[in-house]
Amino acid sequence: MAALDVRDDDDVRWITFSRPEKLNALMIEDLEAVTRAMTDSTVRPRAAVFTGAGERAFSAGMHLDAFRDLGPAEARTLITVVRDCMASVRLAPFPTISAINGHCLGAAFELALACDLRIAAGHATVGLPEIKVGIPSVVDAALLQQYVGLSKAKELILTGDLYPVADLERYGLFNAVVPAECLLDETRRLLDRVANWTPTVVASQKRLFEIWQNAPLAESIEASLDEFAQVFADPATAAQVAAQRARIGRLPSSQETVDRSQ
């Protein structure tokens with residue numbers, strides 16, 4: 001049975017890894033439950049937030065029992081589930097945020113990398129300890145070098161060591177590092193900034209992020225033309241343009257602002 005708490009609050013899907021006695025370690029059924037939560041076609045949330053139960057861990061990654069008695073065929077089945085889970089997060093047509101409240105390791109760190117945004121508590125640690133288990137870091141660990149550079153990514157992966165978030169903050173890996181007691185408030189503030197746009201434009205922008213990561217520049221630019229044109233098929237786009245024009249029209253001009261300050 002999956003140890004995952006999924007709840008919708010104000011159209012935001014909160015997904016909490018809930019095995020605190022095992023540092024929220026993941027089993028294959030947990031990954032499958034994440035995939036279902038991210039691809040549920042009945043209700044599309046405005047955003048999704050991942051976090052962990054308790055104060056010690058976001059998630060320690062895959063439970064070592066998941067690797068017991070695997071042969072090549074079983075290992076491929078397992079890692080395919082991991083790949084599909086990470087893809088469901090990375091390709092979600094809505095913003096995804098990891099609220100990292102403690103240890104964030106292995107597959108859980110890959111999931112955080114697959115998210116659009118990451119907020120970490122100051123006491124949290126991250127790492128990819130797979131090499132110490134005798135297995136490679138795979139799937140969305142491939143994103144790490146885009147955040148921290150190739151040299152630092154190789155260091156994290158080849159040592160398998162755990163790193164305090166403060167050691168990696170300067171690389172831009174995290175959108176914010178805050179005291180633990182401020183983590184949820186900071187997450188909600190970020191949600192207010194990224195989760196209030198039309199579903200059409202967010203989905204379009206998310207598709208473009210994936211294209212920009214995988215296609216040459218010229219191809220990325222051409223894809224941008226298609227995405228730009230297609231959003232105008234949705235009446236919500238025209239409504240949003242009108243709303244923004246009205247909002248800007250209500251703002252004082254720069255000269256009026258100066259005049260009022262004198």
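The model is predicted, so local features need pLDDT of at least 70 and side-chain atom pairs count only at pLDDT 80 or more, while totals for chains, interfaces and linings use all residues. Residues are numbered from 1 along each chain as its sequence is written, and side-chain values use heavy atoms, with hydrogens and water left out.

Let us start with the helices. Helices (H or I, at least four residues) and strands (E, at least two) are DSSP runs, numbered from the N terminus. Helix H9 (residues 199-214) packs against helix H10 (residues 217-231) at an angle of about 170°, and their axes are 10 Å apart. The axes are lines fitted to C-alpha atoms, for helices over the stretch in contact, and angles between N-to-C directions run from 0 to 180 degrees. H9 is therefore roughly antiparallel to H10 (angles over 145 degrees count as roughly antiparallel, under 35 as roughly parallel, 65 to 115 as roughly perpendicular and the rest as oblique). From H9, Thr200, Ser204, Arg207, Leu208, Ile211 and Trp212 meet Ser220, Ala223, Ser224, Glu227 and Val231 of H10, where contact means heavy atoms within 4.5 Å. The residues of this contact divide into 5 nonpolar, 4 polar and 2 charged. Here Ala, Val, Leu, Ile, Met, Phe, Trp, Tyr, Cys and Pro count as nonpolar, Asp, Glu, Lys and Arg as charged, and the others, Gly among them, as polar.

Next come the salt bridges, of which the whole structure holds 13. The term stands for a side-chain nitrogen of Lys or Arg within 4 Å of a carboxyl oxygen of Asp or Glu. One of them joins Arg7 to Asp9, with the closest N and O atoms 3.7 Å apart. Arg7 is partly exposed at a relative accessible area of 38%, and Asp9 is partly exposed at 37% (buried means under 20%, exposed over 50%, partly exposed in between, with a 1.4 Å probe and protein chains only).

Another salt bridge pairs Asp116 with Lys206 (3.0 Å, N to O). This pair links distant parts of the chain, 90 residues apart: Asp116 lies in the loop between helix H3 (106-114) and strand S7 (117-121), and Lys206 in helix H9. Asp116 is partly exposed, with a relative accessible area of 23%, whereas Lys206 is buried, at 8%. Elsewhere, salt bridges that share partners join Arg90, Asp140 and Glu210 into one network. Within this group, the side chains of Arg90 and Asp140 meet at 3.0 Å, N to O.
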